[in-house]
Amino acid sequence: MEKKKTSHSAEFFRRLTKGWSSKLGLILFVLIVLVCVIGPFLSPYGINDVDVASINAGPSKEHWFGCDTMGRDLLTRLLVGGRYSLILGLSASLLSALVGSVFGLVAGYQGGAVDSVIMRFMDIWSALPGLLLCILVSAFLGPGFFPTVIALTVGNIPSVARMIRGQVLSERTREYMEASKVINCSGFSILFRHLLPNTIQPIIITTTMAIGGTITMAASLSFIGLGIQPPTPEWGALLADGRRYIMVYPHLIMFPGIIIALTVLAINLLGDGLRNALDPKLRD
Amino acid sequence: MGNQFLEVKDLEVVYTQNKKMVHAVNGVSFSLGKGKTLGIVGETGAGKTTISKAIMRILPDVGARITNGEIYLNGESVLDKSEEEMLDVRGKVVSMIFQDPMTALNPLMTVGDQILEVIELHNDCDKKEAVKLAGDMLEMVGIPRVRYKEYPHQFSGGMKQRVVIAMALACNPELLLADEPTTALDVTVQAQVLGLIRDLREKYDTALILITHDLGVVAQTCDEVAVIYAGQIVEYGTKEDLFDHPTHPYTLGLFGSLPGMAEGEKRLHSIVGLPPDPTNLPEGCKFWPRCPHMTEACKGEIPVKHLSETHYYRCLKDRNPDGTFEDQTKPGGNENG
Amino acid sequence: MGEHVPLLEVKNVKKYFKVSSGWNHAVDDVSFTLERGRTIGVVGESGCGKSTLGRIICRLLDATDGQVLLNGEDITHAKGAKLKKIHEKIQIVFQDPYSSLNPRLRIESTVMEPLKNSHRFTSAKAMNEEANKIMELVGIDERLRQSYPHELDGGRRQRVGIARALALNPDVIVCDEPVSALDVSVQAQILNLLMDLQEKMGSAYIFVTHDLGVVRHIANDIMVMYLGQAVEIAPTEVLFKRTLHPYTKALFSAIPSTNIHEPMQRIQLKGEITNPINPKPGCVRADKSSCSRCPSPAAASPPAASTPRKPASSRRCWKRWNRTTSCSAAAIKRSTIEKGREKRLWNWFMTRANTAF
């Protein structure tokens, strides 16, 4: 049994890294994570060390990415901020995928009144603008890491739920679902052995797509003073800080922008690879 | 033979799929006179549809290639025509009916307008005339003119197939390619549609190529029959040749596989194994892995044997006078080839 | 009398679906019996309710009215543990070998699932052996057992579907068009397999199909359905010698014969199949004007039940309680329409390609 499992994961890994794009995504993502985890230890500067001499300085030998408006080393702040942003983005997206797919699965599978109640509730939920909802929750729960995760999660749930429900509705009509009933599968087995694996693709795709949005949303929250509080450097916050000086000191917005874009790209490429690896039909 | 309306010579079509070569059609030749009907019979993946698409020149641009062969329509080479010239040929000289009427119609246009569109493209007539013509076409296929302004979803499957036929015939083509036109329909509706095709063919003297897997449909509709296997014609003949003296082991296998033919037979004489993988066709005769009369020699060159002027088959074996081979076809087992 | 209990007895089963325009009488008052080791063929055109009937028997759908008796026991409303027991005795083989297998389960897991759910096996090894035995029986190669469904062709997938249904050695197997998606030569293999298995295991089949050749080959009795009703039931030989109901006649005459020397005498039905929504009393075929027996479409009398399964045929014709319908045949094809937008657009485009460019 144990042996089978390892060969399974080896095969999964082989399929994941088959295409060049997913390989690139994986490498990029691992690199970003590693750098964010290890980088700050290697940096000679702390995140709040102020170097008055190089306020707003551009990239140089001492400060690779330059310094911000208070003379703090941008690279160090980016690396440390990356930890927060990545964890925020990943955990909030995963959480919303989890909660959203439970709602979607139950609504789609049960149908009838349960479906109506859940989906109308989701309609109302998604009628509120995402940012507003986020601000509301954040204001209600106060600042801090966990409240921010929850605030970021809430906005994504309805769209995930709706997508999963649609997927379930189309999967439900397939004959193997009927077959699973006839061969006495339990409700649990039908949901999690037959239905969920066949709806996992869109879950993965929406989750990876949501990570980028979540990072941006976290930035918006920081910007208006909710979410993670300064001086904790978070990518969105760095971006927001630099926004005012975009014409004079473009490096302040360029580096955070580039790293956010790279991260989102890596995650999306990885998402594609995951989808291919998880779909037996795309296997060779 | 030079005066035939349609001539296909040594046609070969190759697809590239996932970096593998799929040999869909491997040297098919046949010809068809005006007003005649040819049935092309074969299983899924035998290359039936590819042949008709090659004649229409609507093979996908990416991946499909005609590697060899010539196609002549009215003595003109189809393959040498430019894309602009083909626009005039499609619809006006050759037109095609697809298998699934549900997917062949635009769900957002009324059926009348869809026929009208075809007419306007190929004829220089004013709108009023064209509308009248479109209405005539509907009536010709047995749909009342009043339904001109209805949408496809308001029609049943059989009715939709009639609309598709009306569209295909709107410009009086000289050759009609029907790709499994009745497979998606119920038997009683199939009978109606086949009857309609037959009547129209007689009325307009249209040549027809009927692609099907149903030997019954062929028997009731066609003059000549080509049995195709793995992209090759394995047997060709008039309807009488083929149904009275089927010769190639594959043809015999097809007849043996038909349920409900022979009374008292307990099991069907099915063909063992599966159709070959078109990316990896066997050497020599494509059928030998499934053939009950297989010998080593079958892996070599296979001659085409003529039994009569009209009837030929592609096999090493000779036929006994009674139409069978030396050893009887063994009943097919359930072994999985 | 009274001693003999048939294996399966279907009594006046009805199934009505609510649709926007009223009630769809998918199955309307159908009765038949099935003995051990026998096969009853259920034939009819699309929308006649034959698949619905099959699903009611294996309890995927609940009957609106009527009874299904298995070994004399009423299973129409069984629930919970009792329903599980019934599913071990009545199984189904589905039409579409592509959608009837979970694409994410390996072949072996698919076949093993019913064994696992039955809790009959104490060890995983015994279960594995049993699964291997079944797969060998239906002719699935050893090397294919670890593959996924999409790696198999239609015929082999259908074998997997049969193996799954057969795993617990059920008494009744509902075969819902098991060969209609297959090529002729593969179809013959599967039919032979089903007949061999019946000889070995003694299961009774309810063989739902639209192909009269297939039922003639495999069935002992045939039930012809039209718009939810059984219009004629008879032993196969009797039915193929002489059909009584005009619809059966028309249906039989519509099959293209492979005998080229015998010109077809078609009784062409005019018009399309109607649908069974909100039927009015009268013959189901009263609006198919070809029916020669119909004195007047309005003539309808209550059922003078001619006993089913008498030596000759039992049939429903104008003397019996029947009904007619309003015509909007589009409803029947609705499911087909929804099958695939992509394919539809592609085919539509290709038609354009040949006519419009």
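A residue is buried if 20 or more other C-beta atoms, placed from the backbone, lie within 10 Å of its own, exposed if 12 or fewer, and partly exposed in between. Helices (H or I, at least four residues) and strands (E, at least two) are DSSP runs, numbered from the N terminus. This is a predicted model: local features need pLDDT of at least 70, side-chain atom pairs count only at pLDDT 80 or more, and totals for chains, interfaces and linings use all residues. Residues are numbered from 1 along each chain as its sequence is written, with chains lettered from A and ligands numbered from 1 in the order in which they are written.

Q: Which residues of α1 in chain C are buried?
A: Helix α1(C) spans residues 50–57 and is mostly covered. Eight of its eight residues are buried. They are C:Lys50, C:Ser51, C:Thr52, C:Leu53, C:Gly54, C:Arg55, C:Ile56 and C:Ile57.

Q: Which residue just after α1(C) takes a positive phi?
A: The helix itself covers residues 50–57 of chain C. Just past α1(C), a phi of about 65 degrees belongs to C:Arg59.

Q: Is C:Asn12 buried or exposed?
A: C:Asn12 sits in strand β1(C), residues 8–19. Its phi is positive, about 45 degrees, although it is not a glycine. It has 12 C-beta neighbours inside 10 Å, so C:Asn12 counts as exposed.

Q: Where in chain C does C:Asn169 lie?
A: C:Asn169 is not a glycine, yet its phi is positive, near 50 degrees. It has 12 other C-beta atoms within 10 Å and is therefore exposed. Its place is the loop between α5 (154–166) and β7 (172–176) of chain C.

Q: What does the cover of the buried residues of α9(C) include?
A: Helix α9(C) runs over residues 246–254. Its buried residues are C:Pro246, C:Tyr247, C:Thr248, C:Ala250, C:Leu251 and C:Ala254. Their cover includes α7 (187–204) of chain B, together with β9 (221–226) and β10 (229–235) of chain C.

Q: Which element gives the most to the side of chain C that touches chain A?
A: The contact (two residues are in contact if their C-beta atoms, placed from the backbone, lie within 7 Å) takes 20 residues from chain C and 15 residues from chain A. Elements of chain C giving two or more residues to that side are α2 (80–89), β6 (90–93) and α3 (107–118). With three residues, the one that gives the most is α3(C).

Q: How many residues on the side of chain C that touches chain A are charged?
A: Ala, Val, Leu, Ile, Met, Phe, Trp, Tyr, Cys and Pro count as nonpolar, Asp, Glu, Lys and Arg as charged, and the others, Gly among them, as polar. That side has eight nonpolar and seven polar residues. The charged ones number five.

Q: What share of the residues of chain A count as buried?
A: Chain A has 10 helices and zero strands. Its C-alpha atoms fill a box of roughly 75 × 45 × 30 Å along the principal axes. Of its 284 residues, the buried share is 38%.
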